[in-house]
Protein chains: 4
Amino acid sequence: MDTIDKLTEIFKEFPGIGERQAKRFVYFLMSRNPNYATLLSSLILDLKKEVTQCKDCFRYFLSHEKSNLCNICTDPNVDSSILMVVEKDSDLESVRKSRTYNGKYFVLGGLVPIVEKTTKSQVRIKELENKIKSSPKTVFGEIILAFSLSPQGDHTDFYVRNQLKPITEPLGIKISSLGRGLSTGTELEYSDNDTLKNALKNRQ
Amino acid sequence: MDTIDKLTEIFKEFPGIGERQAKRFVYFLMSRNPNYATLLSSLILDLKKEVTQCKDCFRYFLSHEKSNLCNICTDPNVDSSILMVVEKDSDLESVRKSRTYNGKYFVLGGLVPIVEKTTKSQVRIKELENKIKSSPKTVFGEIILAFSLSPQGDHTDFYVRNQLKPITEPLGIKISSLGRGLSTGTELEYSDNDTLKNALKNRQ
Amino acid sequence: MDTIDKLTEIFKEFPGIGERQAKRFVYFLMSRNPNYATLLSSLILDLKKEVTQCKDCFRYFLSHEKSNLCNICTDPNVDSSILMVVEKDSDLESVRKSRTYNGKYFVLGGLVPIVEKTTKSQVRIKELENKIKSSPKTVFGEIILAFSLSPQGDHTDFYVRNQLKPITEPLGIKISSLGRGLSTGTELEYSDNDTLKNALKNRQ
Amino acid sequence: MDTIDKLTEIFKEFPGIGERQAKRFVYFLMSRNPNYATLLSSLILDLKKEVTQCKDCFRYFLSHEKSNLCNICTDPNVDSSILMVVEKDSDLESVRKSRTYNGKYFVLGGLVPIVEKTTKSQVRIKELENKIKSSPKTVFGEIILAFSLSPQGDHTDFYVRNQLKPITEPLGIKISSLGRGLSTGTELEYSDNDTLKNALKNRQ
């Protein structure tokens, strides 16, 4: 394998990139000014140096001082009485950019597979339990489970609820899930039964 | 214009059919067995003969006895305390097939344009008002506005609410709208702000 | 099955139309002005009455006098020394509209399946042979095989050539096939090997 | 601009990558094992170090000995009597992989804009002229212009032909262009007029 092949293999792991486009990336880099490659290469190393995983919410963030806590977890203006549990960093970014939520986050690190047995090793359920247990009694009033609306998302919602219940119930912490119904662009004519059912049940 | 051109023009009015496919339909008919054309032609006439618009809910339905009321409006098992207002027949069919709703319907006949002035002539708002006014006082407990989630759907929701309020408020009739939030397949990472906002607001 | 279901079944046979769109067609017809249905129904019967299959080239055409020959076959300005063999009526229309060819046509009525045995019953190879045999010796100088560029199209080209050879060779009739190479929009970067091979072989 | 924003900007220049996917790439890198980033970074530097532009055909290639000539230009088995002029490296790779051509290449470095004036600075037409002039008289028997089938590709074909003619005609060098007609998957029914015209003109 020469450098072209090796780089193609690396680019193939990028999200949404197949063999063909991976190769195009390599040819693109070959034909660009050498400074471009140097800059890209050093920025990737910078990113690696600066990136830290927050020990509280487990999101990745950039830190020059190698702080252990991200800027959301240390922000005094964040509402620390609500905790939103999301699957992954990009979900967190999406909610954050929508400016519709001002509470804390927790990145579970994945969805819970419907069939597999070794669930706990895959998602940070133990870490989530510890976070809630170790918090001063009155901290969280509500935990919002915010997973994508898919069979695996539903299963994860169900699983996390069951795991947390023994901890949250005695503490009086409410567990909620994101609302369901029509989303932007939904046309009644083409809606599936579940969406209609949820839209009807949650009418207001 | 020969028959090919005339038929092409007619087929072009079919939902989702452009010039090219309209012409393909004509050639398809030309090359098919003559019995096929005869059958199609007579079924279209049958449909025309059998179709009636229900004088109560305004949906189109088939009636051999030329009844004025459709089978939903005359069904004693239908819950006559709820009325769902939909834009068009195909929306009604979609809800009906989902088996998630067992109340009455009303087909508004369109959405209310955001800019135009001549709204009333376009949708059956007067007919809807009359239906509610003329019903025995206790009939409807709730009117559900069930429009697609688009700017025009939102505008129609707003318009119908405002028009009905003077009638429904004195009668204690509740007006609701379909719930909003995540719909089947929604991925948090790619959700628009409105959907996230609704999902968060309507969490439960 | 009521009329709605029957019509849905009929529309499902239209080219490119599935169950869902077939049903939408029926609801569309139900909600349209009755005159529309009457017009559509009578135009379909007109088409059936007027359509004739040309006994010479086998294309379908409209004829008020129930002539047996289409307007191409009777046009004195058409170059009767070339015969283009096409798969179906819509291919013929496409070539005709391009105004790049002014010769005769023959509609084979299908492509020859690669695996099946009962070929002759499927396509009009016998009719094509008879047409060539029965023509005055000097009529055709060239027969152009004009099939789509697919495995089945290639197979049909091969099959027709072999079948005609015993007839055309003694008469000195040339058999040609449409040229191959880059077609409009072809990008070298994304071309398949066959297209590149043909483009290179047929360079000029 | 932090490192995330800077890297996003860089990835946005990758072929076919928009803002959204560029950002996903950055988050992907953040969440991957640090070794992945190190490997990617060093492979990009390797590529930069190894890449050379062939001084003869102007393609980019990898060379550990920093040779000035690529492996095609130095391959004694390549047919040096034919020269194929392509727009860009990826076109060359596509032809090469098809194993349908065994001659020399020349990468023009772009297509000639139809309206602009400053053409010569954009493509390597001077370099191409020099290459032909400086070659021993008998070297090239044919120059194949191999551009994509688009208005700009056609214009480039026309432009290069005109520029080369004063040089090639006295030397008896033939200039050809890739053949045109049906390409893989072309259906007659949906073909544009130019493709039908070329397919008919180039029939054989």
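**View 1. The side of chain B that touches chain C.** Here 35 residues of chain B are in contact with 35 residues of chain C, where contact means that the C-beta atoms of two residues, placed from the backbone, lie within 7 Å. Please keep in mind that this is a predicted model, in which local features need pLDDT of at least 70 and side-chain atom pairs count only at pLDDT 80 or more, while totals for chains, interfaces and linings use all residues. Residues are numbered from 1 along each chain as its sequence is written, and chains are lettered from A and ligands numbered from 1 in the order in which they are written. At least two residues each come from α1 (3–12), α2 (19–31), α3 (34–50), β2 (60–62) and α4 (89–97) of chain B; helices (H or I, at least four residues) and strands (E, at least two) are DSSP runs, numbered from the N terminus. With 13 residues, α3(B) gives the most to this side. By type, the side of chain B that touches chain C holds 21 nonpolar, seven polar and seven charged residues. In this count Ala, Val, Leu, Ile, Met, Phe, Trp, Tyr, Cys and Pro are nonpolar, Asp, Glu, Lys and Arg are charged, and the others, Gly among them, are polar.

**View 2. The contact of chain A with chain B.** Chain A brings 41 residues to this contact, and chain B brings 41 residues. Two or more residues each on the side of chain A that touches chain B come from α4 (89–97), β5 (142–146), β6 (174–177) and α7 (193–201) of chain A. The largest share, nine residues, belongs to α7(A). This side of chain A divides into 12 nonpolar, 20 polar and nine charged residues.

View 3. The same surface serves both copies, and 100% of the contact residues of chain A recur in chain B.

**View 4. Helix α3 of chain D.** This helix (residues 34–50) has 17 residues and reaches 24 Å from its first C-alpha to its last, close to the 24 Å expected at 1.5 Å a residue; the expected span is 1.5 Å times one less than the number of residues. Which residues of α3(D) are buried? They are L40(D), S41(D), L43(D), I44(D), L47(D) and K48(D), where buried means 20 or more other C-beta atoms within 10 Å of a residue's own, exposed means 12 or fewer, and partly exposed lies in between, with C-beta atoms placed from the backbone. Seen down the axis of α3(D), the buried residues fall within an arc of 160°, so they line one face of the helix. The arc is that of the directions from the helix axis to the C-beta atoms. The buried residues of α3(D) pack against α1 (3–12), α2 (19–31) and α3 (34–50) of chain A together with β1 (51–53) of chain D.
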